[in-house]
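The terms are given with their cut-offs as they come up.

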Amino acid sequence: MAFMSSLTDHQHHAGSRYALGRDAEESARLHRQSDELGPETAALLGRLGLRPGQVALDLGCGPRGIIDALADAVAPGGRVVGVDANAAHVERARQHAEQREYDNVEVIVADARNTGLPGGAFDLVHARTLLCTIPDPTQVLTEMVRLAKPGGWVASQEPGGGTMMCYPPIPAWGQLHQLFVAGFSGSGANPQIGPEVVELYRRAGLEQVELEVHAAAYPAGHSRRSLLPDLVRSLRPMLIERGLADGASLAEFDQQVRAHLANADVVMVSHLLFAVWGRKPAE
């Protein structure tokens with residue numbers, strides 16, 4: 001079941017500016033995130049009961065997304081399509097699928113708001129930390145609902161419900177967090193969208209909408225413990241371009257926060273992760 005031929009020329013103009021940039025460091029962070037959030041993804045797919053032979057879509061998959069989990073869940077006989085607006089991410093995702101020998105995965109370049117894929121084609125349409133990056137997330141959600149089969153599932157994993165924190169706090173942490181919110185929100189993104197997603201799903205006409213919220217504390221040495229300084233590093237060009245910070249200040253805050261987090265006695269808690277799912281009404 002191949003979808004490549006269904007795309008039109010619009011895919012070459014896919015996507016607006018991604019708030020966190022497109023450099024190699026951000027790509028590596030997104031790739032790590034697939035492992036870091038593996039348990040949360042497994043819990044979500046377990047709720048949805050994805051089965052062998054079904055067809056699933058990972059929208060805004062980046063360099064990896066949840067392609068692995070989907071490919072395993074629908075095998076044998078099923079298919080997985082990954083979609084991202086960043087051609088470099090698509091190429092990395094294709095290489096990852098080849099390395100894992102997933103012959104049931106196809107990854108394409110397209111805009112999440114208008115993929116050009118056939119409607120009603122997927123048993124599951126999933127997106128993770130995608131709605132939070134789009135100024136009008138209803139555009140993406142409308143496309144997700146269109147792509148789902150009647151009776152199929154739409155699912156999201158989005159941040160929100162408070163802020164990342166460390167204890168004991170230090171001023172540099174607060175500075176980095178303010179810069180993250182200013183830079184991310186300044187692009188029209190919404191780092192607190194999680195609690196709103198349930199309402200967005202219901203407004204989109206989805207049924208059986210449910211929610212599960214995950215909270216995580218990461219110990220010293222865990223790759224996700226440095227999530228806040230990692231995100232601000234990805235925002236660095238935008239922050240400097242907009243005059244929100246200078247390179248020297250960013251480097252100083254970054255060094256102070258990373259040194260603080262290296263102390264195993266410091267508690268680091270990430271933002272909440274809202275997993276939301278709903279079913280497209282059967283015809």
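In what follows, buried means under 20% relative accessible area, exposed means over 50%, and partly exposed covers the range in between, with a 1.4 Å probe and protein chains only. Helices (H or I, at least four residues) and strands (E, at least two) are DSSP runs, numbered from the N terminus. The model is a predicted one, in which local features need pLDDT of at least 70 and side-chain atom pairs count only at pLDDT 80 or more, whereas totals for chains, interfaces and linings use all residues. Residues are numbered from 1 along each chain as its sequence is written, and side-chain values use heavy atoms, with hydrogens and water left out.

Two strands are taken to pair if DSSP finds at least two bridges between them. By that rule, E4 is joined to strand E1 (residues 55-59) by 4 bridges, and these two strands run parallel; within this pairing, aspartate 58 stands opposite histidine 126 of E4. E4 is also joined to strand E5 (residues 148-160), through 6 bridges and again with a parallel course, and here phenylalanine 122 faces alanine 148 in E5. Between E4 and E5 the chain passes through helix H5 (residues 137-147), and this β-α-β crossover is right-handed, a term which says that, with the strands pointing away from the viewer, the path from the first strand over the helix to the second runs clockwise.

With a relative accessible area of 13%, aspartate 111 is buried, and a polar atom of its side chain lies 2.9 Å from the backbone nitrogen of arginine 113. A polar contact is here a pair of N or O atoms within 3.5 Å, where, within protein, one must be able to donate a hydrogen and the other to accept it, and where residues adjacent in sequence count only if both atoms are side-chain atoms.

The peptide bond from alanine 75 to proline 76 is cis, with omega near -5°, and proline 76 sits in the loop between helix H3 (67-74) and strand E2 (79-84). Another cis peptide bond, with omega about 0°, joins tyrosine 167 and proline 168; this proline 168 belongs to the loop between strand E6 (165-167) and helix H6 (171-186). Positive phi values in residues other than glycine can be located as well. Glutamate 101, in the loop between helix H4 (87-99) and E3, has phi near 60°, and at 70% relative accessibility it counts as exposed. Glutamine 208 has phi near 50°, but this residue lies in a strand, E7 (residues 207-214), and is partly exposed, with a relative accessible area of 48%.

How many disulfides does the model contain? If a disulfide is defined as a pair of cysteine sulfur atoms within 2.5 Å, the count comes to 0. Cysteine 132 is buried because its relative accessibility is 4%, and cysteine 166, at 5%, is buried too.

Grid points are joined across faces, edges and corners, and a volume is the space filled by probe spheres set on the points. A search of the whole structure finds 2 cavities of 30 Å³ or more. The second largest cavity has a volume of about 60 Å³, and its lining includes Leu37, Glu40, His214, Tyr218, Arg224 and His271.

The largest pocket holds about 260 Å³ of space. Of the 22 residues that line this pocket, Pro159, Phe180, Phe184, Leu231 and His271 are the closest to its centre. The elements that give two or more residues to the lining are helix H1 (24-36), E5, H6 and helix H8 (227-241), and H6 gives the most, with 4 residues.

How values were computed:
1 Å grid on protein atoms, 1.4 Å probe; cavity = no way out; pocket = protein on both sides within 12 Å on 5 of 7 lines; lining within 4 Å.
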